[in-house]
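Dear colleague,

Please find below the structure that I am handing over to you. My notes on what was found in it follow directly after.

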Amino acid sequence: MGAKKTQLFALLLLVTLFHIFLGLDMVSGQCLDDQKSLLLQLKNSLKFNSTLSTKLVSWNQSTDCCTWKGVTCNLSSNTGYVIALDISSESIYGRLLNTTSNSLSGLQYLDSLNLAYNNFNASQFPVGISSLTNLTYLNLSTAGFSGNFPSSIANLTQLVYLDFWANNFSGIISSTNFQNLVNLKYMDLGSNLLSGTIPSSLFALPSLRKLFLSYNRFHGSLPNFTNTHFSQLETLYASWNNLSGSVPISLFDLRNFSRLTLSHNKLSGEFHLQNLYRLSNLTYFNLSFNNLSVDLRHDNSSRFLPPALRELKLASCRLQQFPDLRYLPSLITLDLAENQLSGEIPNWIWNVGNGGFRYLNLSVNQLEKLQEPYVIHNLSSIDLRSNQLRGEVPIPLKNVYFLDYSNNFFSSIPTNFNLTSAIFFSVSSNRLNGTIPVSVCSGTNLKLLDLSNNYLIGNIPSCLFELSETLGVLKLGSNRFTGNLSQNFPIWKAMKDGRKDVNILGFESLRFGGSRKTYQDAVTISIKGKQLELVKILNIFTSIDISNNHFEGNIPHTIGELKSLKSLNLSHNALSGSIPKFFGTLKLLETLDLSMNKLTGKIPVELGDISFLAFLDLSDNQLSGRIPTATQIQTFPEASFKGNKELCGPPLHINCSGIPVMRAAYDDGNPGDSIKWEFIGPEIGFVIGLGVVILPLIFYKGWRSSYYERVDHILFKHGLFLKNFGPINLQFKPFHIVMLYAFFVKREHSVYKLKRVKISANMRTQYEEVCNNILFDKGLDQHAVPSVCPSLVKVAYQSSIPPFSDDGVKTIPF
């Protein structure tokens, strides 16, 4: 009996498990045919790179669409409807077709749609999306859409998340676009072309917590905020617009704010910093770069800022003194650049934040010294550039990544300077003197080292060559260094590999506001003959600038190993020898300046192999021979080669036989402001030669009479006169008109005047004969009008008027 129960139990268990597995199989295979058809239709309407695609490329008719990557079905209710579609980052390109919009609109059960990070090539907002009324999540960020902001977004009343970041949507946004979106919590419209004023209804949305409007064209004043006690808004980014007017005091009634930025607008008036204390949850505040003044006055309480504040940015706010920040235990970032701060940097500033202070920017002020005593604790980034600081360069204790002390009056670098963690160190444009201290060599992780525009002397210390593992930008220009450059010149590994992903200046280890960003700042690079300020440093930028020194010797052969090098400036030294052929192997080189040295020999034709070379300057050396032809070398201006006395060939105006080529009056200026004598000269010669012949005939009657009697005799003798000059209404060039004027007008009709020349019967007969020939050529039969020519000649003789008009156009007076 027990055995039977056991068998029965096992059978029931087997049946149960069978149904469970069967049910699971049925659920996993419940992709509805119409849903699959719509998805395949969507795929076929899109253009995408199949080698980069990871989702669309795997969709096919033979598999269950609910298992496709990027597709989610509603399996919990066994319906098989597609409820989520994610085809972001699929390398989609090209404009959307109507079939695409129709396919999307057919997926009526979608509650999540992600088309981000594609390139829809300025397509309009897909109309089909407006009918997906179940959507709670819509992401079109960085997808290449354009056109007016879609008002139909108002139909999507269930939306919780809306992201249109980095498209080209334009036009205005109105209150009606959002008033029904009562569930919306997150909205990002940043980095578009939206204009008009910001509607106040945005701030009245009951569920909205995060709002991003930066990088648009919004203008006008910020709205006054009402019903603020209902607002859930925590984050507002409205920077980089054209907002004007004052900061409304009602803004600070939105008590839930944790992050607020209004930087880079045209806000004006006076802002009381004490208003921030009303925002007890505020962690990030940025009011930089407006037209307003920040008032630091507050009541007797020293704690007038919210204690949770972590980042405070008040650059270009006309501050004349430091705000008291000693009681901000969480402060990480402080930016007071481009204000009117002067005098001392208070020593308490290095100790704010209870040890968590990391980023300090006091650049572009009038600060003169650091208050003693001071100890720089824990800072990762210090920017003190463009002040009036003097004495020794301040020494941070450790872990500093970014140090910019450029454009001050510092005179020396301490011998105990610690740069172990630094990746960026600039002390350019100071008054540093003496030799490079060995302490600089502690920067074994440096990616940029800038000691340019100082008074440093001596040789480059050998320990500096040990930085070659990471160093990507080296600037030693405009000092007084000496030595033989060809000896011990290192091969910098960061410049050698030729890889396009070399991270030379990407300070991604620095974290700003909890997000990873590449540090953006300015460094001046001497290239293309100018001091160029690189506001945004590229990750792969590699540069060597040792110009304006006293280096000697040949160009180091190790430079030929620097395959990632993009800019090389060795100008204004005393380098000798020839230009090495290895430059042709530096395929990424964009600028090369070897001017003002003592280089000799010929220009190697290999320079023409550098396809990216955009600037070349070989001027003021001792180069000789022909400039290589049939290469891009000849596309550079003459100024790139001037000052080499034995150099010849284009673009120089000296050919290689030693004969100077006639040159234009301009060099590199505006050719429209100069005369091209090589073209004008022959014309002047022609006019002078013509004048020698014509002018005597015009002004001397004796010569004129004798000349024309002789010419008339020759012409009439050969029967050419009327044949060559008689056709009706011929048009003449200026030269011909001058000739006719002299021939027919100024001659005073000499051969026709009876008083001065007796016309023989033979000549009269010749006139009539030629006249008849002309009439015949014109289609007139002289027999039909037998008296025309005799009468014409007779009238001409009697009236002393030639059978030609005086306006230079030959006509027959019929």
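The torsion about the S-S bond of C31 and C65 is about 105 degrees, so this disulfide is right-handed. C31 sits in the loop between α1 (2-28) and α2, and C65 sits in the loop between β1 and β2, so the pair ties together parts that are 34 residues apart in sequence. The sulfur atoms of C31 and C65 are 1.8 Å apart, where a disulfide is defined as a pair of cysteine sulfur atoms within 2.5 Å. Both C31 and C65 are buried; buried means under 20% relative accessible area, exposed means over 50%, and partly exposed lies in between (1.4 Å probe, protein chains only).

Please note that this is a predicted model, in which local features need pLDDT of at least 70 and side-chain atom pairs count only at pLDDT 80 or more, while totals for chains, interfaces and linings use all residues. Residues are numbered from 1 along each chain as its sequence is written, and side-chain values use heavy atoms, with hydrogens and water left out.

A search of the whole structure finds four disulfides. Another of them is formed by C441 and C463, with an S to S distance of 1.9 Å. The torsion about the S-S bond of C441 and C463 is about 55 degrees, so this disulfide is right-handed. C441 belongs to the loop between β30 (433-434) and β31 (448-450), and C463 to the loop between β32 (455-458) and β33 (473-475), so the pair ties together parts that are 22 residues apart in sequence. Both C441 and C463 are buried.

C648 is joined to C656 by a disulfide with 2.1 Å from S to S. Here the torsion about the S-S bond is about 100 degrees, so the disulfide of C648 and C656 is right-handed. Are these two cysteines, C648 and C656, buried or partly exposed? C648 has 10% relative accessibility and therefore counts as buried, whereas C656, at 33%, counts as partly exposed.

I turn next to helix α2. Helix α2 covers residues 33-45, which is 13 residues, and reaches 18 Å from its first C-alpha to its last. This is close to the 18 Å expected at 1.5 Å a residue, the expected span being 1.5 Å times one less than the number of residues. Which residues of α2 are buried? They are Q35, K36, L38, L39, L40, L42, K43 and S45. Their cover includes β1 (47-48), β2 (71-73), β3 (82-86) and α3 (98-106).

One sheet also deserves attention. Three strands form an open sheet in the order β44-β46-β47, with parallel pairing. β44 (600-601) and β47 (646-648) stand at the edges with a single partner strand each, so one side of each is left without a neighbour in the sheet. Two bridges join β44 to β46 (residues 622-626), and two strands pair if DSSP finds at least two bridges between them. Within this pairing, T600 has Q622 of β46 as its bridge partner.

Finally, some totals for the protein. There are 10 helices and 47 strands; these are DSSP runs numbered from the N terminus, helices being H or I with at least four residues and strands E with at least two. Of the 814 residues, 47% are buried. Among contacts (heavy atoms within 4.5 Å) with a separation of 6 or more, 55% are between residues 24 or more positions apart.

Yours sincerely
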